[in-house]
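Please open the model in your viewer and keep the sequence panel beside it. The stops below say what to select next and what is there.

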Amino acid sequence: PPSLHHKTSGSSKESHPRAVNVDLQTDATLQVDISDALSERDKVKFTVHTKSTLPNFKQNEFSVVRQHEEFIWLHDSFVENEEYAGFIIPPAPPRPDFDASREKLQKLGEGEGSMTKEEFTKMKQELEAEYLAIFKKTVAMHEVFLCRVAAHPVLRKDLNFHVFLEYNQDLSVRGKNKKEKLEDFFKNVVKSADGVIVSGVKDVDDFFEHEKTFLLEYHNRVKDASAKSDRMIRSHKTLCLMETFFLFVCRFFLKVSELFEKTRKIEARVAADEDLKLADLLKYYLRESQAAKDLLYRRGRALVDYENANKALDKARAKNKDVLQAETTQQVCCQKFEKISESAKQELIDFKTRRVAAFRKNLVELAELELKHAKGNLQLLQSCLAVLKGDT
Amino acid sequence: MLIKNCEPLVRAHIEAQVSLSAQTIACDGMNAYMAYKVTTKTSLNLFNRNEFTVKRRFSDFLGLHSKLASKYLHIGYIVPPAPEKSIVGMTKVKVGKEDLSSAEFVEKRRSALERYLMRTVNHPALLKDPDVIQFLESTELPRAVSTQALSGAGILRMVNKAAEAVNKMTIKMNESDAWFEEKQQQFENLDVQLRKLHASVESLVCHRKELSVNTASFAKSAAMLGNSEDHTALSRALSQLAEVEEKIDQLHQEQAYADFYLFSELLGDYVRLITAGVFDHRMKTWSKWQDAQVMLQRKREAEAKLQYANKPDKLQQAKEEIKEWEAKVQQGERDFEQISKNIRREVGRFEKQRVKDFKVVIIKYLESLVHTQQQLIKYWEAFLPEAKAIA
């Protein structure tokens, strides 16, 4: 498909799904958004727009162009920063993926000969609308990531973040090569195995013990719900396409009024809204709950290190050898653990608040949209019926 | 069930109206069978009374069709097709039970038989046919001997048969009548559109069923998520969401059933109407007339030769044969003109009827969609306060 130039404006509700991230202080000191985006053959270019009164920046308002890899670089730099071990790192936005949509458009092109010009145009319009929806979603996901960082009291001050926002050249971060991807893979394997060991250690602190149990189960269930909601909405969208085709064929037999066709458009909107309010919500909290789990893992790791340091100190004292070194190590581990624990507690409480608020907002909006569309549909269908019945 | 009892398909301009109700007859020592009470209301003098009821079995309907087909098909009447023994099957989709004892099956058959009779009775010539009158009126009916029912034929098979029939017409006819050429083309086109509609409905039903399965699956998953959520109000809301999705799944299933039922019946009826092959018969009639003309020519040539052969007996015979074939030629021409006239009239009726029939079905379909939307509104309106209650 040709390049889609997509302009996101501040007033458009759809392009700003702060839906998934509610409690964002619209702080005058730092406001970030994605003001524009361009989809090219194999990449998407995001225009990151910043407004800030902070002295750190040269200007009060400026924009740069960033690609997906640069977002990932920023995210990874947070993860690797020891100072941030006690925070829930805002999850990285997913890679823009238009493969499925492109495939559908290609299949449509191949099947062009077997359908009428009108049918082809109709289907093409629907698939292009789908492509545009995916595009808008990826823009939203990237924007939410930046907003979460900007809203975080500590992360917003991060130097890499400022460079990301301000440096108007290419950051020259390339995607990970094969070797690095393999390293990542092993790191994750070790982490998962480690995670098992660490979570086996019972926590003295009731709060963290509860959080561990809760998050483990919750994360798995969100994963399942996310996958199932995805499948459900995808089959809903396919059904809409089928209904469009069905309508085409019906037209031969009866002059079915345009009203009927409008109901099909509403149906497609239902699927799109379900996607935004339900599927995207679940996907986002799948990623955030993973980030929360990662935090617990880091704390657990720090606890294990602390306990090991304690044992080492006891041994050193018993043998009266390298005591000073053992004491220093123990102190460092203790500080690290306590620092993480302190901020982790607040982060996890905030996570719950955010989660509940986001679910509330989205479930309410979902119900309201479903109602709006159903009522619209109902009215159209009843008008259509009135016309057909009166036509005898 | 979304489908209300079938209203008779045509109301306007009919002089008789029939309605059917089903009842099971139990026989000692034998299996129970289904009998149908056929009630007729009419103002025609042909009948003894204005309103009367008889009992008929499925085989009786098939017998009636068989008789009508043999009497009228070859002179160009579009005789309503016989009802099928099994529910019109779609090749890919199995919806509902085919169990003979199930209420659904009984209702479908009753409805199909009612449609069949209404079509027959709506045909001005068939209504006056003695076999039809006897069927509607007499208390006792001689058991039908050989009932040609199409048992379990998939629609697609029938549609393919129709296509074959059209293609196999080896008789080359000099079509001087543009009307017939045009109509034949239209019928072929109709056949193509019916096939498309069939494919499209099957696809629709398939995908709706898939959506139903996925919705049910998501409902379960949402319930699980609600269970593990530690915020009380949110947990409850998620459980409610799961319940809503379960109910929506039910709606999808009912809608899929409606899609299938409404359109498959209609498609089946029309495919079988088309395969009646009126144009075929006209060609055969024309062919017979042409053959007679050829024969007449031969006889004339033979007679001419005999003029110089001095065989007075043979000459006399030849002259008689000529007379015979002249008569046959005249009859052939009359038959051809008659069948052409009949077909013109029948096709006109068919086309009007078709538009009416499809309209009825589409209205019913829209009504089922309306019902679905009304239910959806109910479910989401009940859910909304639960979502708002999350604090």
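**First stop: a helix position in chain A**

Select Asp230(A), which is found in helix α6 of chain A; helices here are DSSP runs of H or I of at least four residues, strands are runs of E of at least two, and both are numbered from the N terminus. This is a predicted model, in which local features need pLDDT of at least 70 and side-chain atom pairs count only at pLDDT 80 or more, while totals for chains, interfaces and linings use all residues. Residues are numbered from 1 along each chain as its sequence is written, chains are lettered from A and ligands numbered from 1 in the order in which they are written, and side-chain values use heavy atoms, with hydrogens and water left out.

Leaving aside neighbours within four places in sequence, Asp230(A) is in contact (heavy atoms within 4.5 Å) with Ala279(A) and Lys283(A). The side chains of Asp230(A) and Lys283(A) are joined by a polar contact of 3.3 Å, a term for a pair of N or O atoms within 3.5 Å of which, within protein, one must be able to donate a hydrogen and the other to accept it, residues adjacent in sequence counting only if both atoms are side-chain atoms.

**Chain A and its strand β3**

Now colour chain A by element: 8 helices and 4 strands are present, and from the N terminus on they run β-β-β-β-α-α-α-α-α-α-α-α. Moving to Thr47(A), you are in strand β3, residues 44-52. Is Thr47(A) buried or exposed? Thr47(A) counts as buried because its relative accessible area is 18%, where buried means under 20%, exposed over 50% and partly exposed in between, with a 1.4 Å probe and protein chains only. Not counting residues up to four places away in sequence, Thr47(A) touches residues including Asp33(A), Ile34(A), Val64(A) and Val65(A).

**The largest nonpolar core**

Next select Phe359(A), Leu363(A), Leu194(B), Leu197(B) and Trp380(B), which touch the most other members among the 112 residues of the largest nonpolar core; such a core is a set of buried Ala, Val, Leu, Ile, Met, Phe, Trp, Tyr and Cys residues joined through side-chain atoms within 4.5 Å. Among the elements that each supply at least two residues of this core are α8 (323-390) of chain A and α6 (178-228) of chain B, while α9(B) gives the most, with 23 residues. Centre on Trp380(B), whose contacts beyond four places in sequence include Leu366(A) and Leu371(A) as well as Leu241(B) and Ile248(B). Apart from this core lies another, of 31 residues, among them Tyr36(B), Phe61(B), Phe135(B) and Leu141(B).

**Between the chains**

Finally, display both sides of the interface, where 55 residues of chain B are in contact with 56 residues of chain A. The buried area, meaning the accessible area (1.4 Å probe) that two parts lose on being put together, summed over both, is about 5200 Å², of which carbon and sulfur atoms give 75%. In chain B, Phe218(B), Lys359(B) and Trp380(B) lose the most area to chain A, together 11% of what that side buries.

The count between the chains is 7 salt bridges, each a side-chain nitrogen of Lys or Arg within 4 Å of a carboxyl oxygen of Asp or Glu. To see one, select Arg355(A) and Glu229(B), whose closest N and O atoms are 2.8 Å apart.
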